Protein chains: 2
Amino acid sequence: MRSSYSQRVASRVWSFTVQVKNPHLDTMEEDILYHFSLGTKTHNLPEMFGDIKFVCVGGSANRMRAFAQFIHQELQLPGNSEEIRDICEGTDRYCMYKVGPVLSISHGMGVPSISIMLHELIKLLHHAHCRDVVLFRIGTSGGVGLAPGTVVISSKAVDHSFHPQFEQVVLGKVITRSTELDEGLANELLQYSTELQDLPTVIGNTMCTHDFYEGQGRLDGALCSFSPEEKLEYLRKAHEAGVRNIEMESTVFAAMCRVCGLKGIVLCNALHSVWCRDVFVALQHRRLTVGQIFTCGTTFIH
Amino acid sequence: MRSSYSQRVASRVWSFTVQVKNPHLDTMEEDILYHFSLGTKTHNLPEMFGDIKFVCVGGSANRMRAFAQFIHQELQLPGNSEEIRDICEGTDRYCMYKVGPVLSISHGMGVPSISIMLHELIKLLHHAHCRDVVLFRIGTSGGVGLAPGTVVISSKAVDHSFHPQFEQVVLGKVITRSTELDEGLANELLQYSTELQDLPTVIGNTMCTHDFYEGQGRLDGALCSFSPEEKLEYLRKAHEAGVRNIEMESTVFAAMCRVCGLKGIVLCNALHSVWCRDVFVALQHRRLTVGQIFTCGTTFIH
């Protein structure tokens, strides 16, 4: 039987560091994380971030601040959660909050925006010598054939042709990276969700598009050249291919996690107006032992 | 001799409306501009925006606020420019400020992020019955073979293969749109810039990438699989193909402006640390007649 994530971590048989895949970094005197307004010479990154075990990322700055405040309360940390400080206050590109071993970061909308953040986050975790880090992308998404409010745990991120791949351009050449996510971890999360009465949850493929309107078959953009029937036909094909929700960041998230040896989880609420925080609120109602399972995020990997 | 933009506008021989290309919009009872937190039923868009003539967009929310304040002072509008209100305060996706006939909006980073904003902006201008609107994208960029601080007026936006095209996925199929920008307008702007001593300006191709690190040949990302020599070789080829700067939004900006009958201008400072506001400051030093040329943005199209 496959051991659980927590068992593997607890036994210390299984442990991993964050791997940058760039030989040039070792030769640099200083590494500036431009879009975080942080750097290896100006900040003591191991001291600031060395204890990070969970990184939760989402599109909206306001929501990731609210999420950090929620975690702060859950962990019963000292101080006023309203006064939580944005570590990236020197820039307005992203927001970042640290609450105990949890980092909550906004990434904006779309693959290029989250990609810049991930490059600098992975370097940050590397410079800080973090170990056994799990990344959650938590967000909203459009559901495909699901009841509103259903939570989708992504088994893989797929492109507009439903393939589990991400095309990255490197010096003008297209290379393809896998976007498969950890199956065992997804199953563990699903198992956990079955214990919660009010949390309909499925494992499914998540389609990642580079456009919110034409790319996702919306009829209300400034441009639309297709009929409602053609839209439904495309979504039907997507559903047949295992797609259960659509968003705009998962392929590069999954691809970069894989390449850099990070456990990555994509967790979306399949409804635009409902926020994934509901998931955490639902978990809170279960009165899980705060302290042992010291973050709401943690609950997802037990 | 080609008449100038201002002559054409003044003569009223040439006048254009903002064209949405979506037959479904006419049948909708209400159009909600989700990411602006505005809508046709909840807001009187013609009253709020009907007089808009110039839309200036840039990545950073703080900078677009600063730009709006600068324009406010230039136009000597009543009220305190510090108290300028974010029209999109109901959401944190974008910021929007209106100062006289100028709209200043942030668009985040990357093609998907600016694309969502452009869909909703174009619908907004359409619903508000705006005419003769000019869009400026003003931002920072990486220069290619240019002295730091040089301003690049884009003749066209090109992709990673240096082609003037934008690939848009519509219901899973890739369609290609042209990203040529108005040549006459670019030449007018260049002519104007020659009158300014401290404003080195060129017309050139602007390469748009979907990634800041691997896509632009940076050696300091979390991932890097190429040598400094390979990077320089790619940039050399780009320069040969007429590329003078690199950024992350111009292709979709140019493509959508073309399709919707909008005059679009991409104007970047070819240096990361210097902001395009310097251009406007330089113009201000010329003591152009504020009132006639009632916005700093306007100066670029005379």
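Me: In which hand does H4(A) pass H7(A), left-handed or right-handed?

Reply: The model is a predicted one, and the geometry below is computed from it. The axes of helix H4 (residues 111–127) of chain A and helix H7 (residues 250–259) of chain A come within 9 Å and cross at roughly 25 degrees. Since angles under 35 degrees count as roughly parallel, that crossing makes H4(A) roughly parallel to H7(A). The crossing in which H4(A) passes H7(A) is right-handed.

Me: Which residues of H7(A) are met by H4(A), and how do the residues of that contact divide into nonpolar, polar and charged?

Reply: From H4(A), the residues A:Val111, A:Ile114, A:Ser115, A:Leu118, A:His119 and A:Ile122 take part, and in H7(A) they meet A:Thr251, A:Val252, A:Phe253 and A:Met256. The residues of this contact divide into seven nonpolar, three polar and no charged.

Me: What is the relation between the axes of H4(B) and H7(B), roughly parallel or roughly antiparallel?

Reply: In chain B, the axes of helix H4 (residues 111–127) and H7(B) come within 9 Å and cross at roughly 25 degrees, and H4(B) passes H7(B) in a right-handed crossing. With angles under 35 degrees counted as roughly parallel, the two helices H4(B) and H7(B) are therefore roughly parallel.

Me: How many of the ten residues of helix H7 of chain B are buried?

Reply: A residue is buried when its relative accessible area is under 20%. In H7(B), this applies to B:Ser250, B:Thr251, B:Val252, B:Phe253, B:Ala254, B:Ala255, B:Met256 and B:Cys257. Helix H7 (residues 250–259) of chain B is thus largely enclosed by the rest of the structure, because the buried residues among its ten number eight.

Me: Is A:Arg137 buried or exposed, and with what relative accessible area?

Reply: The UniProt annotation "binding site", from an unreviewed entry, covers A:Arg93, A:Arg137, A:Ile138, A:Gly139 and A:Thr140. Of these, A:Arg137 lies in strand S6 (residues 134–140) of chain A. Leaving aside residues up to four places away in sequence, A:Arg137 touches residues including A:Ile114, A:Glu247, A:Phe253 and A:Cys268. Because the cut-off for a buried residue is under 20%, A:Arg137 counts as buried, with a relative accessible area of 2%.

Me: Which residues does A:Gln216 touch, not counting residues up to four places away in sequence?

Reply: UniProt, in an unreviewed entry, places the feature "binding site" at A:Gln216 and A:Arg218, and A:Gln216 lies in the loop between strand S11 (201–208) and helix H6 (228–240) of chain A. At 8% relative accessibility, A:Gln216 counts as buried. Outside the four places on either side in sequence, the residues that A:Gln216 touches are A:Thr209, A:Asp211, A:Ile246, A:Glu247 and A:Met248.

Me: Among contacts in chain A between residues at least 6 apart in sequence, what percentage join residues at least 24 apart?

Reply: Chain A has nine helices and 13 strands, and of its 302 residues 58% count as buried. Among the contacts in chain A between residues at least 6 apart in sequence, the share that join residues at least 24 apart is 75%.

How values were computed
Residues numbered from 1 in each chain as written. Chains lettered and ligands numbered in written order. Predicted model: local features only at pLDDT ≥ 70, side-chain atom pairs only at ≥ 80, totals over all residues. Heavy atoms only, no water. Axes fitted to C-alpha atoms, helices over the stretch in contact; angles between N-to-C directions. Helix = DSSP H or I, 4+ residues; strand = E, 2+ residues; numbered from the N terminus. Parallel < 35°, antiparallel > 145°, perpendicular 65-115°, else oblique. Left-handed = near helix turned anticlockwise from the far one by under 90°. Contact = heavy atoms within 4.5 Å. Nonpolar A, V, L, I, M, F, W, Y, C, P; charged D, E, K, R; others polar. UniProt positions renumbered as here; feature names shortened; annotations may be inferred. Buried < 20%, exposed > 50% of the residue type's maximum accessible area, 1.4 Å probe, protein only.
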